[in-house]
Amino acid sequence: MQEDFHYYATYCAAILAGYDHAESLLICHAAQLVDHCSRTWLKTVGGPSDAATTQLQLELMEARTDRPGLIDITRIWSSFHFLPRDLYAEIARGTRNYKDRYRLICGPNGKLLADTVNLARDRSPVAAGIAMHVLADTWAHTYFAGTPSLVINNTNSHFYELFPTEDGGFERKHISFSHNPTAADDPEKRLYVGSVYQSSEYSIMNLGHGRAGHLPDYSYIRYVYLPAWGGYREIVKDNPSDYLHAFSQMVYALRFLRGEEAEFSTDTYATATIAPHRETIREIIAKRRVDASADWKAFGERLSGETIPAFDREKDCEEYRHADPGSKKDTFLGQFFDAALRQKSMVTTRILESGNRLGGLPPRKRRMSS
Amino acid sequence: MTIWQRINQLAIGIVMLLLGVLLFLYDADTYPVIIVLYSLALQLTGYRLLWYYFTMARHMVGGRSILFRGALFLDFGLFTGSLLTVPQFYVLIYLTGTLAFSAIVDLLRAREARGIQASWKLKTFQGAVKLLTVLICLIYLHSEALVVDIFSVGFVFSALMRIVNACRRTRVITIS
């Protein structure tokens, strides 16, 4: 997902959940900042390096892919962008190494999602924003894992876009991939940019949905493909449906965080709340273009009657830099770093508890080695 | 390419460079070293790919190609090792053949890369020079010493290309 959904759509969801304009801006700003808070950026701000929620292209290129490096990458990407659906998923095939990777496959409505939303309860809107980023990405990044892995994240050329036909079926049209990073995606020609096949299991090119390019990030597209882990069974990725579910679940989760729902249950959606706007939302989601920001912005401004400023990553940096050491935690960025560290710690702990070694050494072994 | 992969590629490139220079300076005396190293490198790659297939890629879509590649590398590695006892003329023909194969692979990869708008010019250049080296080797096949010199120049060229590739900036597709 991109700025259109993480910033503007999240603002709309917050307004629909009952937050006021100022709180909604905090929520969507935090949600979008998750895609910018790299170690390089944290250095310029003076924030804690452990609070990194993403890695820049340059950081990824230089990232170590030995064991400590892989653990670091996995902690960041699994915690914020590819939340595992089921850390105990049953799979009869494969070695333990294979199962460790398989169990990190992202998907919606997992137990970790409930833990993520519950973690943000009774905290600032900033924590809610981070949780909304994670929630939304569970829908977009379904079927990919937040760890470099050829056997999980690889794809081949078997990609077909599905176009609805008059008889209720779908017509298939082949999707091609270019590997020129400077090229732009061309939805009309169904030509998208994806990462090059790398035969190394741990290549950075095999992290997340790099091999499928930005297809998971576009709300309009429906496609079928063969994921590396799928045993040659075609997977249908219905982004319009998934994005609608993501939006509806964000509204429900935000209502829970405001105290309007007693508990957060997975697979539950704010269907009634969004019902009056359902067609508008569906239209925005289904429109064929790579950036839906303008439409989401207009929708958000209609909902709140306020102007939504453009996302500005540097907006709160000065406040954090000049705050006294004791009051830094009360600034926007202080709250963001605190919530990010909590989220990363929670997900890492869950991965460790499941016996999965990609999150790091189990606590007992760590104590022995220290 | 990560910094560790760059270091790995640089190390391989430097070893190849040294071997190329040794081959040029000492001709026939360097044969056994090259054959042993070449055979070991192919066998290790074969074993590594087979291990990866049986432990990880057995259930992966397209994973069988890793099995085939592993078997092929291992087979070539064992075959290359057996060449220690055959006359040098045949070793030269074999090495020239592998260089020709490598050139064709480079050109095919460059063609594929061009089709998907990836970087292709350097690969084409590499394939073309290798092919040229093969042709010159075939023309002067009757003069063993000259062929060894030509082959060593080709070897040095491959080493330099590997070093250049290791130093090039690469770009990855970022995900968010």
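In this predicted model, 23 Å separate the centres of domain 1 and domain 2 of chain A, taken over C-alpha atoms. The division behind that distance gives domain 1 two stretches of chain A, 3-148 and 239-353, while domain 2 is the stretch 152-237.

Where the two domains of chain A meet, 30 residues of domain 1 are in contact with 22 residues of domain 2. On the side of domain 1 that touches domain 2, the helices α4, α5 (67-80), α6, α10 (239-257) and α12 (278-286) of chain A each supply at least two residues. Sorted by class, that side of domain 1 of chain A has 21 nonpolar residues, five polar residues and four charged residues.

Two packed helices are described by the angle between their axes and the distance between the axes.

| Helix pair | Approach of the axes | Crossing angle |
|---|---|---|
| α10(A) and α12(A) | within 10 Å | roughly 135 degrees |
| α1(A) and α8(A) | within 10 Å | roughly 120 degrees |

The crossing in which α10(A) passes α12(A) is right-handed. From α10(A), the residues A:Pro240, A:Tyr243, A:Leu244 and A:Phe247 meet A:Ile281, A:Arg282, A:Ile285 and A:Ala286 of α12(A). By class, this contact has seven nonpolar residues, no polar residues and one charged residue.

The other pair joins helix α1 (residues 3-17) and helix α8 (residues 125-140) of chain A, whose axes cross at roughly 120 degrees; α1(A) and α8(A) are therefore oblique to each other. Their crossing is right-handed, and the contact is made by A:Phe5, A:His6 and A:Thr10 of α1(A) together with A:Gly129, A:Met132, A:His133 and A:Ala136 of α8(A). The residues of this contact between α1(A) and α8(A) divide into three nonpolar, four polar and no charged.

**Where chain A meets chain B**

The contact between the two chains takes 42 residues from chain A and 21 residues from chain B. On the side of chain A that touches chain B, α4 (57-62), α6 (96-102) and β3 (176-178) of chain A each supply at least two residues, and the largest share, four residues, comes from α4(A). By class, this side of chain A has 16 nonpolar, 20 polar and six charged residues.

**Two single residues**

Is A:Arg233 buried or exposed? A:Arg233 lies in the loop between β5 (222-225) and β6 (235-238) of chain A, and it counts as exposed because it has 8 C-beta neighbours inside 10 Å, where 12 or fewer is the cut-off for that class. In sequence A:Arg233 and A:Ala22 are 211 residues apart, and in space they are 46 Å apart, C-alpha to C-alpha.

In chain B, the residue B:Val164 lies in helix α6 (residues 144-167). With 13 other C-beta atoms within 10 Å, B:Val164 is partly exposed. B:Val164 and B:Ala110 are 54 residues apart in sequence, and from C-alpha to C-alpha they are 16 Å apart in space.

Key. Residues are numbered from 1 along each chain as its sequence is written. Chains are lettered from A and ligands numbered from 1 in the order in which they are written. This is a predicted model: local features need pLDDT of at least 70, side-chain atom pairs count only at pLDDT 80 or more; totals for chains, interfaces and linings use all residues. Two residues are in contact if their C-beta atoms, placed from the backbone, lie within 7 Å. Ala, Val, Leu, Ile, Met, Phe, Trp, Tyr, Cys and Pro count as nonpolar, Asp, Glu, Lys and Arg as charged, and the others, Gly among them, as polar. A residue is buried if 20 or more other C-beta atoms lie within 10 Å of its own, exposed if 12 or fewer, and partly exposed in between; C-beta atoms are placed from the backbone. Axes are lines fitted to C-alpha atoms, for helices over the stretch in contact, and angles run from 0 to 180 degrees between N-to-C directions. Angles under 35 degrees count as roughly parallel, over 145 as roughly antiparallel, 65 to 115 as roughly perpendicular and the rest as oblique. A crossing is left-handed if the near helix is turned anticlockwise from the far one by less than a right angle, and right-handed if clockwise. Domain bounds come from an automatic or database domain assignment.
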